[in-house]
Amino acid sequence: SVTLFGVFDVSISGYVNKAEDRQFPTQGSATTRRTVLTNSAYHSSRLGFRGTEDLGGGLAAGFWLEGAVNNDDGSGRAIGGGMNWQRRSTVSLSGFFGELRLGRDFTPTSYNDGVFDPFGNNGVGASAVGQANGKRSPGRFQNGFAENRTHIRASNSVSYFLPPNLGGAYGHFMYAFNEAEKYKPAIPGATDGDGALLIRPDSQRTGRYIGARGGYANGPLDVALAYGESTIADDFFDGTTTVLKLWNLGASYDLGTVKLMGEYSNAKAVTDRAHPLHRLAHMPNPGAKGWVLGATLPVGPGIIRASYSRIEYTRLLGATPEPKASQFALGYVHNLSKRTAMYATVARLSNRNGAEERVGGPEHLSSMNGRTLTPTTSTGYDLGIRHAF
Amino acid sequence: SVTLFGVFDVSISGYVNKAEDRQFPTQGSATTRRTVLTNSAYHSSRLGFRGTEDLGGGLAAGFWLEGAVNNDDGSGRAIGGGMNWQRRSTVSLSGFFGELRLGRDFTPTSYNDGVFDPFGNNGVGASAVGQANGKRSPGRFQNGFAENRTHIRASNSVSYFLPPNLGGAYGHFMYAFNEAEKYKPAIPGATDGDGALLIRPDSQRTGRYIGARGGYANGPLDVALAYGESTIADDFFDGTTTVLKLWNLGASYDLGTVKLMGEYSNAKAVTDRAHPLHRLAHMPNPGAKGWVLGATLPVGPGIIRASYSRIEYTRLLGATPEPKASQFALGYVHNLSKRTAMYATVARLSNRNGAEERVGGPEHLSSMNGRTLTPTTSTGYDLGIRHAF
Amino acid sequence: SVTLFGVFDVSISGYVNKAEDRQFPTQGSATTRRTVLTNSAYHSSRLGFRGTEDLGGGLAAGFWLEGAVNNDDGSGRAIGGGMNWQRRSTVSLSGFFGELRLGRDFTPTSYNDGVFDPFGNNGVGASAVGQANGKRSPGRFQNGFAENRTHIRASNSVSYFLPPNLGGAYGHFMYAFNEAEKYKPAIPGATDGDGALLIRPDSQRTGRYIGARGGYANGPLDVALAYGESTIADDFFDGTTTVLKLWNLGASYDLGTVKLMGEYSNAKAVTDRAHPLHRLAHMPNPGAKGWVLGATLPVGPGIIRASYSRIEYTRLLGATPEPKASQFALGYVHNLSKRTAMYATVARLSNRNGAEERVGGPEHLSSMNGRTLTPTTSTGYDLGIRHAF
């Protein structure tokens, strides 16, 4: 009753990332490049164990344990390189009511980034939207949003899935505990300079996630809307809480010869300030919005994939006009069998106004001889094999 | 011939731990609380591989590899969060003579803490005895015993088990190498202020374990006695060696409607001092003694569990009267099948005289506005699902 | 289609390593010793998953994931003790043309060290040749070669194997990417004291491996030659690159009653200096050369194993005469079944002229009361069980 499963995806991949001196263009550009043997450029490499048990009366229990494997060097993704199970680690109860799922899993808001991207958010072709939402905004902007640890997956979560028999409608809700310690009275004695109690009790909120996704899939159409809130920072002593509010809408339509798909995504890092003085001096709420349009085209035993995507950062202090990036990706997957495929992808991304996006590889150089460099293009390719079992 | 097995246990658990200002009781108390999605509150979550081979002539060889899985967040228990196999990792030879087992395994002295506790030493209901023996004694007491790394399991061990056909008698012996380097002559030239050789050769002893357990199980009765010595500290230059000497006695009796069980445990950290001067200035040997009384009561497809346990620290310098804690726990397990169960447990522990025990969750606060706080109660609950395969 | 496999090998092993004061021999010697429960003294302990898929037309795809297990303590080999898959982690395509294999695997140059050593490069009997080539040369010599991380295995590698149907001829080629970042223009602005550009572009080479092995196996004869280059160090600012160039030749001949085998190995760390001034002041290229002669003798269900091996370090500055070590090993393996064996091995190694080799265990002491000690003998034994599945 236990299924052992996995994917091993290996590719030779190369990246060339350019930056230019905009003040003295005659100085030319500086490039960083890297050629690697890597993993997961088509499908994410993994090893897993899963099983279900029929409890009778329509009820079933199940478990799912799945971890990433860096099959290019044999390491796992834990600190130090050990194997862990952080792709998915859940226990489920399911029945007529749907499914209750507990543990670590994808967030509702991360689904659309993968499902409606022809490149499934993997490899050099992964859309700029999916890459940007989980990332810090460009580091040079002081109010950029911090990294979102619950962008793709959340630990310590409780999820509920609607049952599958709803005529094409589907839905999914998740709440993830942040497991913070709470003190009462707060941290006693911490007052500000005026002798007033600076902090509120129970203010450790970072790590919490709440989100939901609903959609409709029937015949050639699939459309889904998701909304989620990730608490990405809070400052106990300043009384501030920053929540990344993210929504996205994706759709695909299968015309038979070609399947079209796209996604729009909008993220904003909203900071709540409990202390009146802080509210006066507040900074704008930085954000990111983007979209991807793509298509997949079956060709014999293979499939051609193409996408165009854009990402734009908004309300970053000192960034006028606003940093943005656009990317074009093209690829071909040749299926040798259901389990084994060879693939090739090329992608080229252009940064504008200080955006620092990449299709992969090392960071853009940021300075040369003491002069500032501005990131421009990022180009890359993947040439690989994916084997599943 | 290889069996893949595991347990995934997930629960929503909450803890509230209080501490009071005993000098100014009007100041009230301070609480720390935490609500989590956690694992192993009923049975320890794990993934394992095991197998046996019939060698003919009654002989068999076998292996067992089993590691903990934190299925709430997908991590393992190695430093950095990787998966390891430290629940059990052994190679065995067995036959008419019994079983010889080499590697990492439970110590003989840890069995009774689990077998004779209705809560199996897991979750908020785990008896105060099992929790306390492996722990440091309260940190504020200068002669408290150090953490015992070989309390529950020992690496690098050689175990011998009696064969099963002895009319109900069973027995088990273990020796664990500490794998220390030994020097001859010791570390040459290390003398004390008087020019005398301060240290003895071969004095690195920390990590060694030796212990045994014997019992009798027949019909409704099961009774077992265990004794073990864990070398928990030695100081090469002072010529001191500290051995935690632990014995415990457990028994259960199944009345049919209800099964009664209990354990008494006594631990003492004995420090041997090789140097005459150190013997004069020695401190008392700190210890801990405790007991648990419990019962399990089958109710239809479920089982009610209850226990009362106490732990008392002895001979701690500056602790008069002696720190102690008592705990009451009550739970219900509802079996959906042999492999899947839902469960609920509540527990409440009361500390006296400075003991700092908890049923789980964050530590008791120790100070507030510069005033010392004394731990009082710890309350918790587990509400979960266990799925085995 | 997935095979779960493994080896668990556990032994009680002991080591005694001596060092002498050569200036004042009457002061006697200093020994370090250790007794342990360890793993992999006969065959390397491991856990693995592998599978192949028939793609039709003579083509096949396959994967292999295999990691070391320290079954004496339940840890893995990642930093922090987690499990990883660094024994082998590959994806393959094979057919009439041979096999293309991508990921982490043994290097071609490491095969002969194992295949032509009666002790398979494991345990106290592992030949001095295999041990020395991958190691730093004795630390006291300033031009000794650095540790070779690609001696036994290489990550990020592309391998090609000849097909098996070549009348006994076999061959194998590997290239491993070092995945370094490359900058153009190099690191801009880095000039030496004369204002000249000190470094060359694209000079980060450490980690690269290229090697090949070819042989012939037919009837009682097996002979193989291997050559490889591991880039073990480069200094970006000095313009130096150090490549460990290694070749070895091994052969075995099965006389029926006894199988004879041997290997010769020669390693040299060659430093290329781009800057003319550095070429003038260069130091000699240190090296190591060694050989092993051995035999295996079937005796009923068991096998006797014996070997004599030598290693000599060459061109180390300040080492005249040259450091060398010789080792004798003798063992017996008793097969209880195809999968389970018991074994015993003893080995004794003698160091001369400052060599610091060991059969295992703690390092030789290097000083006593401020006087320098010179390593002499290292003696050890393994007494264990190996169980495979």
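1. A word on terms before the strands come up: two strands pair if DSSP finds at least two bridges between them. Please also keep in mind throughout that this is a predicted model.

2. With that in hand, take strand 8 (residues 169–176) of chain C, which pairs with strand 10 (residues 209–218) of chain C in the antiparallel sense over eight bridges. If you want a spot to look at, C:G171 stands opposite C:G214 in strand 10 of chain C.

3. Strand 10 of chain C has another antiparallel partner in strand 11 (residues 221–235) of chain C, with 10 bridges between the two. Here C:R213 faces C:A226 of strand 11 of chain C, standing opposite it. Strands 10 and 11 of chain C form a hairpin with two residues between the strands, and C:G219 takes a positive phi near 60 degrees there.

4. Strand 20 (residues 374–388) of chain C is worth a look too. Is this strand enclosed or open? It is largely enclosed by the rest of the structure, because 12 of its 15 residues are buried. Strand 1 (residues 2–20) of chain C pairs with strand 20 of chain C in the antiparallel sense over 13 bridges, and in that pairing C:S11 stands opposite C:G384. Strand 17 (residues 340–352) of chain C also runs antiparallel to strand 20 of chain C, joined to it by 11 bridges; C:A347 stands opposite C:G380.

5. Next, the arrangement of the chains.

6. C:V91 lies in strand 5 (residues 88–95) of chain C. With a relative accessibility of 1%, C:V91 counts as buried, the cut-off being under 20%. Beyond its neighbours within four places in sequence, C:V91 is in contact with residues of chain A, including A:F8, A:V10 and A:I385, and with residues of chain C, including C:F63, C:L100 and C:L102. C:L65 is 26 residues from C:V91 in sequence, and their C-alpha atoms are 9.0 Å apart.

7. In soluble globular proteins, nonpolar side chains tend to be buried together. In this model the largest nonpolar core has 59 residues, and A:L47, C:L47 and C:F49 have the most contacts inside it. A second, separate core has 15 residues, among them A:A288, A:Y313, A:L316 and A:V359.

8. How many cavities of 30 Å³ or more does the structure hold? There are three, and the largest cavity holds about 50 Å³ of space. The lining of the largest cavity includes A:L47, A:F49, B:L47, B:F49, C:F49 and C:W85. Strand 3 (46–56) of chain A and strand 3 (46–56) of chain B each supply at least two residues of that lining.

Technical notes:
Residues numbered from 1 in each chain as written. Chains lettered and ligands numbered in written order. Predicted model: local features only at pLDDT ≥ 70, side-chain atom pairs only at ≥ 80, totals over all residues. Heavy atoms only, no water. Core = buried A, V, L, I, M, F, W, Y, C linked by side-chain atoms within 4.5 Å. Buried < 20%, exposed > 50% of the residue type's maximum accessible area, 1.4 Å probe, protein only. Helix = DSSP H or I, 4+ residues; strand = E, 2+ residues; numbered from the N terminus. 1 Å grid on protein atoms, 1.4 Å probe; cavity = no way out; pocket = protein on both sides within 12 Å on 5 of 7 lines; lining within 4 Å. Points joined across faces, edges and corners; volume = space filled by probe spheres on them. Contact = heavy atoms within 4.5 Å.
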